[in-house]
Amino acid sequence: MDERKRGTVEMYPEVYEPLKQLGVPASVWDEVLQEIFNEPFGKLATPFQELLFELEMGKADYPRPDGINDHDYVRSIMTRAVAAFEAKGTDHARLMRDDSWNYDDALGVRTKPTEKKIN
């Protein structure tokens with residue numbers, strides 16, 4: 001029997017920690033995230049990163065409807081998270097991807113990376 005490959009949520013306890021409050025196993029999160037985003041191991045889609053942040057800050061409310069299975073529940077959460085992320089617009093998405101700053105040795109300052117000549 002082939003052993004299922006464990007995903008990012010399952011492998012990194014710090015990623016799973018805020019999700020525990022929703023009562024869904026890490027393996028289900030990994031399966032649904034792979035289905036929706038198809039990101040390589042170790043990479044978290046930005047709408048999912050925002051969901052994690054909201055859960056950590058106690059700003060997310062995702063009541064579970066009666067009788068819904070784990071996979072459908074996670075799909076419904078991620079559908080809401082993607083819609084909320086997209087509603088914030090392209091500037092927000094660009095800022096979320098700008099997770100590092102470049103250091104200019106000559107000037108001794110940090111500058112934001114640019115995308116399509118936008119600073």
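# Exercises on a predicted model

Helix α5 covers residues 70–87, has 18 residues and reaches 26 Å from its first C-alpha to its last, close to the 26 Å expected at 1.5 Å a residue. Helices here are DSSP runs of H or I with at least four residues, numbered from the N terminus, and the expected span is 1.5 Å times one less than the number of residues. The model is predicted: local features need pLDDT of at least 70 and side-chain atom pairs pLDDT 80 or more, while totals for chains, interfaces and linings use all residues. Residues are numbered from 1 along each chain as its sequence is written, and side-chain values use heavy atoms, without hydrogens and water.

**Exercise 1.** Find which residues of α5 are buried and how they are arranged about the axis of the helix.

*Solution.* Step 1: apply the cut-offs, with buried under 20% relative accessible area, exposed over 50% and partly exposed in between (1.4 Å probe, protein chains only). Buried in α5 are Y73, V74, I77, M78, A81, V82 and F85.
Step 1: take the directions from the helix axis to the C-beta atoms, which define the arc. Seen down the axis of α5, the buried residues fall within an arc of 165°, so they line one face of the helix.
Step 2: look at the other side of α5, where T79, E86 and A87 are exposed.
Step 3: recall that an α-helix has 3.6 residues a turn, so residues three or four places apart point the same way.

**Exercise 2.** Describe the surroundings of T8.

*Solution.* With 9% relative accessibility, T8 counts as buried.
Step 1: list the contacts (heavy atoms within 4.5 Å). Apart from neighbours within four places in sequence, T8 touches D30, F41, G42, K43 and L44.
Step 2: compare positions along the chain. T8 and K43 are 35 residues apart, and their C-alpha atoms are separated by 7.6 Å.

**Exercise 3.** Classify the ring pair of W29 and F48.

*Solution.* Step 1: use the rule that rings of Phe, Tyr and Trp (its six-membered ring) pair if their centres lie within 6.5 Å, with planes under 30 degrees apart stacked, over 60 edge-to-face and the rest tilted. By this rule there are two aromatic pairs. One of them is Y12 with F41, tilted at 5.9 Å centre to centre and 35° between the planes.
Step 1: note that Y12, at 34% relative accessibility, is partly exposed.
Step 2: turn to W29 and F48, whose centres are 6.1 Å apart and whose planes stand at 40°, so the pair is tilted. W29 lies in helix α3 and F48 in helix α4, so the pair ties together parts 19 residues apart in sequence.

Key. Helices (H or I, at least four residues) and strands (E, at least two) are DSSP runs, numbered from the N terminus.
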